[in-house]
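Here are my notes on the model you sent. Please read them with the structure open.

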Amino acid sequence: MPPPRRKMLATAEETLTPPDELLLGQHIARAIKATGNNVYAVELPSKESILVELPSRFRSTIWIKRGSYVVIDTNTLEGRDNKLSGEIINIVRDEKSWRKAPYWPKKFDKKPVFASDDEVESNVGRMPPSDDSDA
């Protein structure tokens, strides 16, 4: 039997707004891939890749895509002797408001892409040169 609708809506609502600050041991990470059994490989801003677990309150409620951001807590699974390094405590859904937070890592900022001067312009979508221009 699925969880009650009010419980699912409450879980989804709490992921919309970012917290005021992150506690010690909490980090924002980018999801790399789902490895199975509610375990995800995530990348920290330091380019380190770790395995984290998705708690049961998020399962079948919110799905995590590759490249999306999550908040992980590395202190929750310290006592366990396994490959898991932490637990997902929040999922970034409204990325625009989360990026405004002071704790957002600079490594995850979107960088504008500019064409450099030495790149050759593409001819895609342009008309071929006419024969009259040579005369």
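1. The largest nonpolar core has 15 residues, and Val42, Ile64, Val70, Ile72, Ile88 and Ile91 have the most contacts inside it. A nonpolar core here is a set of buried Ala, Val, Leu, Ile, Met, Phe, Trp, Tyr and Cys residues joined through side-chain atoms within 4.5 Å. Buried means under 20% relative accessible area, exposed over 50%, and partly exposed in between (1.4 Å probe, protein chains only). At least two residues of this core come from each of β1, β2 (39-43), β3 (49-53), β4 (69-73) and β5 (84-91). Strands (E, at least two residues) and helices (H or I, at least four) are DSSP runs, numbered from the N terminus. A second, separate core has 10 residues, including Ile28, Ala101, Tyr103 and Phe108.

2. This is a predicted model: local features need pLDDT of at least 70, side-chain atom pairs count only at pLDDT 80 or more, and totals for chains, interfaces and linings use all residues. Residues are numbered from 1 along each chain as its sequence is written, and side-chain values use heavy atoms, with hydrogens and water left out.

3. Look at β4 next. Of its 5 residues, 5 are buried. Tyr69, Val71 and Asp73 lie on one side, Val70 and Ile72 on the other. In a regular strand the side chains alternate between the two faces of the sheet.

4. β4 runs antiparallel to β1, joined by 5 bridges. β4 also pairs with β5, antiparallel, over 4 bridges. Pairing requires at least two DSSP bridges between the strands. Histidine 27 has isoleucine 72 as its bridge partner in β4. Valine 70 is partnered by isoleucine 91 in β5.

5. Isoleucine 72 sits in β4 and is buried at 0% relative accessibility. Beyond four places in sequence, its contacts (heavy atoms within 4.5 Å) include Gly25, Val42, Ile50, Val52 and Ile88.

6. Is glutamine 26 buried or exposed? Glutamine 26 counts as buried because its relative accessible area is 16%. Glutamine 26 lies in β1 (residues 26-36). A polar atom of its side chain lies 3.1 Å from the backbone nitrogen of leucine 23. Glutamine 26 also touches Ile72, Asp73 and Ile89, leaving out residues up to four places away.

7. Threonine 11 belongs to helix α1 (residues 5-14). Threonine 11 is buried, at 8% relative accessibility. Its contacts past four places in sequence are Arg57, Phe58, Thr61 and Ile62.

Note on methods. A polar contact is a pair of N or O atoms within 3.5 Å; within protein, one must be able to donate a hydrogen and the other to accept it, and residues adjacent in sequence count only if both atoms are side-chain atoms.
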